[in-house]
Amino acid sequence: MKSLHAVALCAPLLTGAAVAQTIGIVTTPAGSFSNSAGQAIAKVLVERAKLRAIVQAQASTGFEEVESGSADFNVSFDATFYSTGTGEYEGRGRQPAMRYVGSLIPYRVAMHVRADSRINSITDLKGKRVSSEFNAQKTIARIIEAHLANMGLGYGDVVRIPAPNVVRQAEDFMSGKVDVLFFALGSAAIKQANASVGGLRVLEVGTSPDALKRTQALLPGAYVMQVAPNPALDGITKPTNLIAFDMVLITNAKVSDEIVYAVAKALHDGKEDLVATFPPFGLFQPQNMAKPLEGAPLHAGAMKYYREIGLTK
């Protein structure tokens, strides 16, 4: 297994001599939105499915770990690209072993600037320093480019500052190396940056048909959500239009039907517990868990559960 920062959430011993089944859940680095969501998922699986869930936080996408079997699940937003061998995974071919467990919550993402910045819109980023490359998380660069494209810009209009992943990008923003910070709302890294620089302000995206078309050309499946001010969301001081797309849970076809069934059931029934650990799960709609995902079929275990409760045929 690759070097991982693992946080184990251990279930007590089951009755008799049996020991809880261990599963690995890959997420992006500690402090990221996906990692916080993964911690909440793991806790629910420990308590409701009686699984021993280990959150494996790392800098890469995590798909290779699920593909190879060194991890069982991946909290992801770019599974379609990986499964179909498109986007940043062009040339790798289709990944037929990838399976979909369910849709979870929207990633509400935004470009943040310092509260006292003279940058008032995404168009003002022209000529400014913006993180780029993201060699360990290439789809992040695509999402940032989609924000720029929304307002008619591209990476050619800004000063590119390479960063390996979103967490390093946050560090660069706090140290003044870049002028804007991309991250999902509600992330621990956003709260840290807000405290570090004396306040953040979110840059709104455009909602016109042309703006959305430019966004979706780079980020298929993306949509615009209006987010209201909330004490838990730094940088939102008025109703603000943001780009959003779905967080999904991915697994491998080789993971047993029994395990995936138990995972799907625990998450479907565990919204209250998920929210208690990670409040953004307040947006979780269990009835939408079986919504189709392009390029990745439902795992047979998830399909069995969703059929039983009437979410799919």
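**Close-up views of a predicted protein model**

Figure 1. Counting contacts between residues at least 6 apart in sequence, 74% join residues at least 24 apart. The model is predicted. The secondary structure of the protein comprises 10 helices and 11 strands. Along the principal axes, the C-alpha atoms fill a box of roughly 65 × 40 × 35 Å.

Figure 2. Of the 313 residues, 53% are buried. The accessible surface amounts to about 13,300 Å², and carbon and sulfur atoms account for 52% of this surface. The protein carries 31 positive and 27 negative charges, whose mean positions lie 1 Å apart.

**Figure 3. The nonpolar cores.** The largest nonpolar core has 94 residues, and the members that touch the most others are Phe73, Val263, Leu267 and Phe281. Strand E5 (residues 98–114) gives the most to this core, contributing nine residues. A second core is separate and has seven residues, among them Ala110, Leu185, Val202 and Leu233.

**Figure 4. The surroundings of Val255.** Val255 sits in the loop that runs between strand E11 (240–252) and helix H8 (257–269). Its relative accessibility is 12%, under the 20% cut-off, so Val255 counts as buried. Neighbours within four places in sequence aside, the contacts of Val255 are Asp72, Phe73, Val260 and His299. Gln95 is 160 residues away from Val255 in sequence, and the C-alpha to C-alpha separation of the two is 15 Å.

**Figure 5. Positive phi at Glu133.** Glu133 is not a glycine, yet has a positive phi of about 70 degrees. The residue belongs to strand E6 (residues 129–133). Glu133 has a relative accessible area of 31%, which lies between the 20% and 50% cut-offs, so this residue is partly exposed.

**Figure 6. Positive phi at Phe134.** Phe134, a residue other than glycine, has a positive phi near 50 degrees. Its place is in the loop between E6 and helix H4 (138–150). Phe134 counts as buried because its relative accessibility is 0%, whereas Glu133 is partly exposed.

Note on methods. Residues numbered from 1 in each chain as written. Predicted model: local features only at pLDDT ≥ 70, side-chain atom pairs only at ≥ 80, totals over all residues. Heavy atoms only, no water. Helix = DSSP H or I, 4+ residues; strand = E, 2+ residues; numbered from the N terminus. Buried < 20%, exposed > 50% of the residue type's maximum accessible area, 1.4 Å probe, protein only. Contact = heavy atoms within 4.5 Å. Areas by Shrake-Rupley, 256 points an atom, 1.4 Å probe, with all protein chains shown as cover. Lys, Arg positive; Asp, Glu negative; His and termini not counted. Charge placed at Lys NZ, Arg CZ, Asp CG, Glu CD. Core = buried A, V, L, I, M, F, W, Y, C linked by side-chain atoms within 4.5 Å.
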